[in-house]
Amino acid sequence: MRLHKLTPKLYRVLGLELFVFGTFIGICAIIDSLIVGFPENPNPTINFIIGASKVIISIILIAIWLYVWYYITKRLMVSKEDIKEAKKIKREKKQVKMQKKKEKKKNIKT
Amino acid sequence: MVSSLIVYIIAFTVPLFLSGIGFPFFIKFMLKKGIFGIDIHKKEQPKVAEMGGIVIIISLIISSVIAILVVEDSKVQLMIGMFCITITIAGIIGIIDDFLTLNAILKPVLLLIASVPIIASTWFSTGPLYNPEPLFPLIGQTRLTIVYLMLLPFVITVPANAVNMIDVFNGSMATTTIIVLITSFIANIIIFDRDYTILDPTNIFILMITGVLIAFLVYNRYPARVFGGDSSSLTIGASLGAIAVLGRLEIVIIIAIIPFIMNSFGIISSVKGLLERRKMARPTKMTKDWKIESTNDQKAPITLVGLVIQKGPLHEKDVVKSFGVLTVFSSILAIITAILIRVVI
């Protein structure tokens, strides 16, 4: 198959790649403007705490980015029918649980 | 004194030549000894020689020794040596896996050993071979000394497993990795402004791996005459990790291997953890006209292949082409990343 026929089939994955890249650059921009640009303190103890906080916040942001990437990849790889079926099974399980709870309550009352 | 350009030419041509000559003999030998696999994606179900990674590892070891002899700078010699040891450890783990089929958890754990030479360089009298100050787009140089050291053990095992998971079709691993390596080469030039007159170990590593992979692709492309096995994918994956750390191209390589990571994410999330490939349900099956389609098996792992064939069955060649398209796109994004890094350093 020629590439121009193949590429339209991949638009969802290409879109995800672009999204992953865009959000990463966005996070870098946030880190650069809000975290790296944060002024340093003359007190070394406070300065150390500020430095450590900067690293921790940056790591949390990167971790969120990785999780969002993971979550979307997972969702994208499952077809719409599978999602519908999974929701249906979840709903059914919930209903069974609710019914059991109701029956338990009735039994206690009686 | 040997000029940098000659070193680069040697770094590229020696592994290309060695593996180019080695593969035909290896294929004959393995078929004669009965060490082969069946290519289940072909109608004829041909016998294909396995464990092509052995040729890759031997070629890279010889090339590294030659490069060390040719280069005169002791730090570059040390870096080539450490690079060679790192990928050899990963390769040996791959060979053991090819023979014994290691547990899916044991394999990544064992691969942690491959990063030991790089971590050990922290205590070298010449100073560490890596720089714990990765370069981020728009931010530039960051100081992550402790965090970086904590992440170092995973630097080999993560890309090695990601490359291992993408090595499922004829030429899929070699094609995509060559694209990533070319991107790394361009990014290295963009970020550090190093042309051919400056001796840069990162360029030597990239050229060595590219050379060996081009020769491998000749024999592994559709219809494959040799399978790389885990010995090849783990070696090549480990080399990507080592290039990222030793060449300060961490972020560029992460962006370039987005399709690899997506594939790993899919597999790990669907089987809820790490599971040996042979123990998983098959996610694909062949149609009557020998195209690849989804099995729709709920127990099968969700892979990048599944995503590519979601809109209908595809020929094996087209699946590999799709992987190529996805990697080219991520590589363009990686080059943009390199430009955004260059702007701020």
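**Conventions.** I worked from a predicted model in which local features need pLDDT of at least 70 and side-chain atom pairs count only at pLDDT 80 or more, while totals for chains, interfaces and linings use all residues. Residues are numbered from 1 along each chain as its sequence is written, chains are lettered from A and ligands numbered from 1 in the order in which they are written, and side-chain values use heavy atoms, with hydrogens and water left out.

**Entry 1, salt bridges.** I then turned to Lys42(B), which pairs with Glu316(B) at 2.9 Å between the closest N and O atoms. Lys42(B) sits in the loop between strands E1 (36–38) and E2 (47–49) of chain B and Glu316(B) in helix H14 (316–344) of chain B, so this pair ties together parts 274 residues apart in sequence; helices (H or I, at least four residues) and strands (E, at least two) are DSSP runs, numbered from the N terminus. Lys42(B) is buried at 4% relative accessibility, and Glu316(B) is buried at 2%, where buried means under 20% relative accessible area, exposed over 50% and partly exposed in between (1.4 Å probe, protein chains only). I also noted that Asp39(B) is linked with Lys42(B) and Glu316(B) in a network of salt bridges.

Asp97(B) and Lys107(B) meet in a salt bridge at 3.1 Å, N to O, with Asp97(B) in helix H3 (74–100) and Lys107(B) in helix H4 (106–111) of chain B, 10 residues apart. I found Asp97(B) buried at 0% and Lys107(B) buried at 6%. Arg342(B) bridges to Asp193(B), the closest N and O atoms being 3.7 Å apart; Arg342(B) lies in helix H14 and Asp193(B) in the loop between helices H8 (172–192) and H9 (201–220) of chain B, so the parts that this pair ties together are 149 residues apart in sequence. Here Arg342(B) is partly exposed at 32%, and Asp193(B) is exposed at 53%.

On chain A I looked up a positive surface patch formed by Lys74(A), Arg75(A), Lys87(A), Lys88(A) and Arg91(A); patch residues have over 30% relative accessible area and no salt bridge, and like charges are joined within 9 Å. Helices H3 (44–77) and H4 (80–109) of chain A each supply at least two of the residues, and H4(A) gives the largest share, three residues. Arg91(A) belongs to helix H4 of chain A and counts as exposed at 53% relative accessibility.

Terms used: Patch = residues over 30% accessible without salt bridge, like charges linked within 9 Å, V, L, I, M, F, W, Y side chains within 5 Å. Areas by Shrake-Rupley, 256 points an atom, 1.4 Å probe, with all protein chains shown as cover. Salt bridge = Lys/Arg side-chain N within 4 Å of Asp/Glu carboxyl O. Lys, Arg positive; Asp, Glu negative; His and termini not counted. Charge placed at Lys NZ, Arg CZ, Asp CG, Glu CD.
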